[in-house]
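Please look through the structure below with the following explanation at hand. The paragraphs take one region at a time.

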Amino acid sequence: MLSAYAIVLTPTILLSGGTIYDGSGSKPYIGDVRIQGNKIIAVGKLKAAPGESVFQLKGLAVSPGFIDAHSHADRGIDEDPLAVSQLTQGITTAVVGQDGGWRKPVREAFKDLAAYRPAINFAIFSGHGGVRDAILKDDYKRNATPAEAFAMQKLVIDDMKAGALGLSTGLEYDPGYYSDTNEVILLAKGVAPYKGIYISHVRDEGDKAFESFEELIRISKEAGIHGQISHIKLCSAAVWGRSGKANQVGLKQGITADVYPYTFWQSTMSALSASRDWANREIWVKALSDVGGAQNVRLTRYTHEPNWVGKTLAEIAKLTNRDAISIIQEILDKTNGPNGTGSQSVAVTAMQESDLEAFIASPRTMFCSDGSIGGTHPRGAGSFPRILGRYVRDRKVITLQEAIRKMTSFAAETLQIKNRGRLRPGWMADLVVFDPKTIQDHATTANPTALSTGVKYVWVSGVKVLAQGKATGLRSGKMVRRDQPDLSAQEESSAELVATSKHTHPESLCCGEQ
Ligand SMILES: [Zn+2]
């Protein structure tokens with residue numbers, strides 16, 4: 001019981017009369033939530049206390065803040081520490097360090113992220129590619145020696161001690177591509193004593209998707225840790241329609257996956273083919289046929305020919321009177337070749353709607369955006385409202401309480417994020433209030449950063465960071481460590497760091513555990 005004395009000391013907030021989705025997946029009910037400081041202190045039928053600030057939320061859904069299980073929001077948070085594209089999706093925690101790509105020790109990464117004083121929480125995975133890069137440097141196109149693999153494992157262990165959630169790999173990308181399974185198993189074993197998990201952008205999401213899932217299962221089994229497939233998809237003609245089998249494998253083997261709600265992926269052009277034999281036309285003939293043709297490949301970034309950006313390979317071929325394959329080869333040579341400079345990316349429509357819906361419906365999946373802030377794929381600004389609008393309300397693929405369970409408690413429990421993901425007394429006051437009747441994504445390929453609508457309020461650690469659908473300017477995000485206390489940005493950063501960061505706004509409040 002909370003004493004009246006405590007109420008006087010720290011004001012409470014009452015979220016009144018909303019429809020409570022507590023994150024467990026159980027049936028919603030009309031009720032109230034009381035917050036004090038950074039914690040939820042009561043959930044149920046509550047009466048407003050004298051002087052308490054009350055939010056009337058009739059007709060709106062009240063749920064735990066959403067956890068973006070595979071996020072790249074560390075990209076762009078320096079430009080927008082308010083993370084408006086995440087808050088308008090109801091995301092309160094972004095899990096970064098994905099695809100193995102993390103380049104910094106997690107200890108430093110937490111410091112860097114905290115120095116931006118973000119409005120959302122961050123949790124981090126240790127990246128296989130990052131530690132591989134640190135040890136092998138430019139000489140990475142080979143297996144690591146045992147000594148090198150142990151040196152990498154030591155870096156992963158350091159990251160776990162700093163509070164990483166586990167190990168991530170991106171085996172389709174350099175430098176992870178050149179590692180063998182045993183190297184990854186050794187690194188994953190370094191995670192096991194800390195009870196971390198293994199997540200992977202698997203080696204091949206197309207023809208060899210099932211072999212790649214098997215590799216993930218082997219790695220997690222041999223290391224004795226939980227395994228999760230990152231942004232699960234089946235993206236070549238040979239595996240289209242096999243989502244049922246993939247879901248069965250997941251269920252049987254106890255693995256989980258995250259999924260984003262779009263039938264097109266975005267990555268670098270090299271992800272079109274698992275082969276590195278880029279001069280060979282045949283691999284591109286197959287790659288294009290696997291995704292249904294050059295009209296399904298849209299260039300979303302290319303620093304050498306900005307006027308090609310936004311066009312499909314079929315359109316560029318017509319425009320330049322050339323064939324699509326020579327264009328692919330030229331782009332790869334100019335960016336990723338021996339003297340390559342600049343960058344490129346493509347959005348490729350390569351998944352089937354029916355497979356996507358089967359993955360969204362699976363009880364073993366949670367949701368992700370796979371997006372950055374200000375990125376060129378609409379998933380960065382639209383994923384969570386798109387699930388709640390298109391797939392829950394309009395297409396009725398799953399119920400609202402099940403979608404919320406997957407966005408909250410299932411993600412928190414699988415990723416081992418403590419005290420978040422449920423509306424429970426004593427748990428962190430990360431909450432989202434949205435209108436299930438109107439929630440909608442608006443981001444498109446043409447306008448990938450268009451903000452979603454329908455999320456009305458967001459609290460992060462008891463601080464109202466979004467009100468009436470607009471960022472309040474308050475930034476209360478925390479660095480979420482596995483099995484360690486969260487630290488607010490103030491606690492995280494030294495006074496010096498805060499004072500010198502060009503991104504800190506001294507007038508903004510950063511509340512948290514004081
Ligand atoms: Zn990925």
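Strand 14 and strand 16 (residues 344–349) run antiparallel and are joined by 4 bridges. In this predicted model, Phe264 stands opposite Thr349 of strand 16. The pairing belongs to an open sheet of 3 strands, in the order 14-16-15, with antiparallel pairing. Strand 14 (264–267) and strand 15 (297–302) each have a single partner strand and stand at the edges, so one side of each has no neighbour in the sheet. From one strand to the next, the twist averages 15°.

The next element to look at is helix 12. This helix spans residues 353–361, and its buried residues are Asp355, Leu356, Glu357, Phe359 and Ile360. In an α-helix there are 3.6 residues a turn, so residues three or four places apart point the same way. The buried residues of helix 12 pack against helix 8 (243–253), strand 13 (256–259), strand 17, helix 13 and helix 14 (400–407).

Two of those partners, strand 17 (365–367) and helix 13 (379–394), are also the elements on either side of the loop that holds Asp370. Asp370 is not a glycine, yet its phi is positive, at about 55°. Its relative accessibility is 7%, and because buried means under 20%, Asp370 counts as buried.

A positive phi is also found at Ala83, again a residue other than glycine, with a value near 50°. Ala83 sits in the loop between strand 6 (66–68) and helix 2 (84–87). With a relative accessibility of 0%, Ala83 counts as buried.

Another backbone feature is the peptide bond between Asp174 and Pro175, which is cis, with omega at about -5°. Pro175 is part of the loop that runs between strand 10 (166–170) and helix 6 (181–191).

Conventions: Residues numbered from 1 in each chain as written. Predicted model: local features only at pLDDT ≥ 70, side-chain atom pairs only at ≥ 80, totals over all residues. Heavy atoms only, no water. Helix = DSSP H or I, 4+ residues; strand = E, 2+ residues; numbered from the N terminus. Buried < 20%, exposed > 50% of the residue type's maximum accessible area, 1.4 Å probe, protein only. Contact = heavy atoms within 4.5 Å. Pairing = 2+ DSSP bridges. Axes fitted to C-alpha atoms, helices over the stretch in contact; angles between N-to-C directions.
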